[in-house]
Amino acid sequence: MTDKVQTTLLFLAVGEFSVGILGNAFIGLVNCMDWIKKRKIASIDLILTSLAISRICLLCVILLDCFILVLYPDVYATGKEMRIIDFFWILTNHLSIWFATCLSIYYFFKIANFFHPLFLWMKWRIDRVISWILLGCMVLSVFISLPATENLNADFRFCVKAKRKTNLTWSCRVNKTQHASIKLLLNLATLLPFCVCLMSFFLLILSLRRHIRRMQLSATGCRDPSTEAHVRALKAVISFLLLFIAYYLSFLIATSSYFMPETELAVIFGESIALIYPSSHSFILILGNNKLRHASLKVIWKVMSILKGRKFQQHKQI
């Protein structure tokens with residue numbers, strides 16, 4: 001029964017991985033082609049491309065972990081392989097979340113309307129410094145992920161299997177608990193960008209409320225380009241927040257599996273849920289971006305035209 005559940009969850013993970021690769025690769029491809037064509041890239045396109053690349057890497061790491069757990073469980077006989085994968089998971093996880101936070105911050109400064117001097121100063125300079133902010137996020141993510149590689153050759157899973165036959169029961173449990181605690185603490189650092197994103201979300205709501213009030217007082221109506229921009233930004237930010245909460249809960253399930261008897265099943269279940277976040281959010285970003293939405297509609301139209309042409313040729317041959 002356990003094997004069937006693992007196989008089902010693995011197929012589910014492969015499906016989510018395929019959808020996520022399709023969406024994120026589309027974002028990166030469209031923005032890169034536009035970059036080559038215009039020989040320059042807009043700040044929003046740079047953020048979206050960086051976010052797409054980080055999520056492609058995150059999807060690959062999660063799926064690789066699923067395959068190793070199901071098909072090659074003996075690879076995790078020692079802690080070395082586990083720690084290497086954990087390092088790349090923590091790294092890509094932080095990159096993805098920090099880049100998504102940069103996106104929410106960019107939306108906030110470009111769309112919100114406040115008159116504080118500090119806000120105006122940042123609003124005028126956000127396009128100049130966004131590349132440096134992204135670079136800083138990369139350096140910070142690498143720095144946070146490095147502790148996961150400590151004691152790379154330490155053994156913890158093999159000792160657990162032999163805990164009834166040796167006197168190493170206590171030390172092995174400590175090693176296993178220590179590894180899970182380090183992994184949990186390192187990923188708790190993602191709560192900082194989450195709080196920043198949450199703050200930008202509430203400030204966008206406040207800005208939208210003030211804007212609607214000014215529009216009502218001027219009797220010009222509530223549906224104008226600024227209001228539409230606020231709504232699109234809020235949809236992108238709130239979707240990230242909700243998906244991040246689900247992703248973080250799935251991470252807690254995967255981490256707590258160190259203390260469960262069915263470790264592999266709990267990890268695969270948690271990772272199959274975790275894949276929803278980097279897979280689905282890319283399509284929300286595509287729908288919320290005019291250039292990406294128009295490009296996706298063109299692709300769909302071309303695919304539909306090709307399929308109709310093939311059906312017409314087959315019908316004509318018959």
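Here is a short walk through this structure, one selection at a time.

Before you start, know that this is a predicted model, where local features need pLDDT of at least 70, side-chain atom pairs count only at pLDDT 80 or more, and totals for chains, interfaces and linings use all residues. Residues are numbered from 1 along each chain as its sequence is written, and side-chain values use heavy atoms, with hydrogens and water left out.

**Stop 1: the annotated spans.** Select residues 10–30, 56–76, 95–115, 129–149, 188–208, 236–256 and 267–287, which carry the UniProt annotation "transmembrane region". Positions follow the numbering used here, feature names are shortened, and such annotations may be inferred rather than shown by experiment. Now zoom in on residues 10–30: this stretch is 100% helix and 0% strand, with its end C-alpha atoms 30 Å apart. Helices here are DSSP runs (H or I, at least four residues) and strands likewise (E, at least two), numbered from the N terminus. Then try residues 267–287, with 95% helix, 0% strand and end C-alpha atoms 32 Å apart.

**Stop 2: R39.** Pick R39, in the loop between helix 1 (2–38) and helix 2. R39 is exposed, at 77% relative accessible area (exposed means over 50%, buried under 20%, partly exposed in between, using a 1.4 Å probe and protein chains only). Check its backbone too: phi of R39 is near 60°, a positive value in a residue other than glycine. Most residues other than glycine have a negative phi.

**Stop 3: helix 2 against helix 4.** Show residues 43–71 (helix 2) and 117–145 (helix 4), which pack at about 15° with axes 9 Å apart. Axes are lines fitted to C-alpha atoms, for helices over the stretch in contact, and angles run from 0 to 180 degrees between N-to-C directions. The two helices are therefore roughly parallel (the word covers angles under 35 degrees).

Stop 4: Is S141 buried or exposed? At 0% relative accessibility, S141 counts as buried. Leaving aside residues up to four places away in sequence, S141 touches L91, H94, L95 and W98 (contact means heavy atoms within 4.5 Å). Finally, select V142, also placed in helix 4 and partly exposed at 36%. The C-alpha atoms of V142 and L91 are separated by 6.0 Å, although the two residues are 51 residues apart along the chain.

Technical notes:
Angles under 35 degrees count as roughly parallel, over 145 as roughly antiparallel, 65 to 115 as roughly perpendicular and the rest as oblique.
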